[in-house]
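Here is a short report on one protein model. Please look at the sequence and the structure first.

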Amino acid sequence: MSYVDEVLARVEAKNPGEPEFIQAVKEFLDTVRPVIEANEESYKKMALLERLCEPERQIRFRVPWVDDNGQVQVNTGYRVQFNSAIGPYKGGLRFHPSVYFGIIKFLGFEQIFKNSLTGLPIGGGKGGSDFDPKGKSDREVMAFCQSFMTELYRHIGADTDVPAGDIGVGGREIGFLYGQYKRIKNIYEGVLTGKGLTYGGSLARTQATGYGLLYFTEELLKINNIDIAGKTAVVSGAGNVAIYAIQKAQQLGVKVLTCSDSTGWVYDPDGIDVEALREIKEVKRARLTEYKNYRPNAEYHEGRGVWNVKADLALPCATQNELNLEDAKALVANGVTAVCEGANMPSTLEATEYLKANGVIFGPAKAANAGGVATSALEMSQNSERLSWTFEEVDSKLKQIMINIVHNIDAAAKEYGKAGDYAAGANIAGFKKVADAMIAQGIV
């Protein structure tokens, strides 16, 4: 049995009931086999892969809080500090009922290599809670966030672990979390990113993941001699990533036909109205059923269906494993040119393999959606310097980072005989940097 297969078997045995984490590790190790086989003896002696697949620290804690009826509620909080070989742990907090250790570990594992690809000095981590902010009052969200941070504060810091937002954690939640951290620690430091502009946040951070996805997609198409202008796209999701992906796509000359939320999806033959979408989701915090009030020609459908709409580009921006094998078959049948991932691991392994086998250009999440964490790292830099950069400065740096990622993963894929396999290229490029740092720092 090869070293990779030994480690995979150990990970599966050690993490039962955590399919997302096992999926992420399997997808990663399978694609970096050429690098590992070239260094198998030394890597195995140092147990490099075992250390890579085992978080440096896993934290789980109780989060009691009081709702508006005076009833005490109890949730579970998590922080997985996965790897700090190239910098302080960096990764978002997710507040969603589906959150458990398996989800947090998968996200933290992916974050290691995504952060490595940015070229910036940040390690990998992730956290969150099974708390659901939907339907909660601002006071209830504040009560939860303050209780959550009352435990988390002892494990994070500007040079240790710098959380950000993720699903269910936007500007409101970051504000409450930061206020409590500052209150407890009596320190004003850049310990969270995604902060408001009045207290250390960065311009362009809100737009960064969505904008970065399109900068990445544009460059990936360009190296394949395809112009993004004039293309059509289907997008899933209606949160932060999807909204700004749609906005930037339209600025680049792409007509976006769809968006979705947890209850249904919208098809707009005239192109999604971003301002209407922002009004519904960011201001009203409402469902997409309201979209037809703004655009009578649009269609609203319950359930799933985005991937059945014919388009040149598919941009999954909602959640993990939302694009399955049947969806991939529908996309291929409709002649899709490229699938680039805005969410974290939104395509199943079977879907990914089918898309690649059928000649679809595939931009994997850890490369394509790295714009958010890259701009978080730029926010950290601004906090350290006590400076604020202009929107144009941050956006320019973001665009260049995404362009560099495309060329780095393309080169890594070609170096190991996998030209055009950008998922392999992303894993290889991200892994080599982290592995070299881990080896240099000894057995820790």
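Which residue in β4 does R94 stand opposite? R94 faces G128. Keep in mind that this is a predicted model.

## The five-stranded sheet

Five strands build an open sheet with mixed pairing. Their order is β1-β2-β4-β3-β5. The edges are β1 (57–66) and β5 (161–164), and each of them pairs on one side only. On average, neighbouring strands of this sheet are turned by 20° against each other, direction ignored.

The pairings can be read strand by strand. β2 and β4 run antiparallel and are joined by six bridges. One of the residue pairs here is N83 with its bridge partner G124 in β4. β3 and β4 run parallel, with five bridges between them. Strand β3 (residues 89–95) is also joined to β5, by four bridges, and these two run parallel. Y89 has D161 in β5 as its bridge partner.

## The enclosed strand β4

Why does β4 count as largely enclosed by the rest of the structure? Seven of its seven residues are buried, so the rest of the structure largely encloses β4. Buried here means under 20% relative accessible area.

In a regular strand, side chains alternate between the two faces of the sheet. Both faces of β4 are covered. G123, G125, G127 and S129 are buried on one side. G124, K126 and G128 are buried on the other. Helix α7 (residues 138–152) lies across β1, β2, β3 and β4 (123–129). The helix runs at about 145° to β1.

## A nonpolar surface patch

V66, V72 and V74 form a nonpolar patch on the surface. Together they have about 240 Å² of accessible area. V72 belongs to strand β2 (residues 72–83). Its relative accessibility is 48%, so V72 counts as partly exposed.

## Two residues with positive phi

Most residues other than glycine have a negative phi. A47 is not a glycine, yet its phi is positive, at about 50°. A47 sits in the loop between α4 (40–45) and α5 (48–53). It counts as partly exposed because its relative accessibility is 26%.

M345 is not a glycine either, and has a positive phi of about 50°. Where is M345 found? It is in the loop between β12 (338–340) and α14 (349–357). Is M345 buried or exposed? M345 is buried, with a relative accessible area of 8%.

Note on methods
Residues are numbered from 1 along each chain as its sequence is written. This is a predicted model: local features need pLDDT of at least 70, side-chain atom pairs count only at pLDDT 80 or more; totals for chains, interfaces and linings use all residues. Side-chain values use heavy atoms; hydrogens and water are left out. Patches are made of residues with over 30% relative accessible area and no salt bridge: like charges are joined within 9 Å, nonpolar side chains (Val, Leu, Ile, Met, Phe, Trp, Tyr) within 5 Å. Accessible areas come from the Shrake-Rupley method with a 1.4 Å probe; for residues, only the protein chains shown count as cover. A salt bridge is a side-chain nitrogen of Lys or Arg within 4 Å of a carboxyl oxygen of Asp or Glu. Buried means under 20% relative accessible area, exposed over 50%, partly exposed in between (1.4 Å probe, protein chains only). Two strands pair if DSSP finds at least two bridges between them. Axes are lines fitted to C-alpha atoms, for helices over the stretch in contact, and angles run from 0 to 180 degrees between N-to-C directions. Contact means heavy atoms within 4.5 Å.
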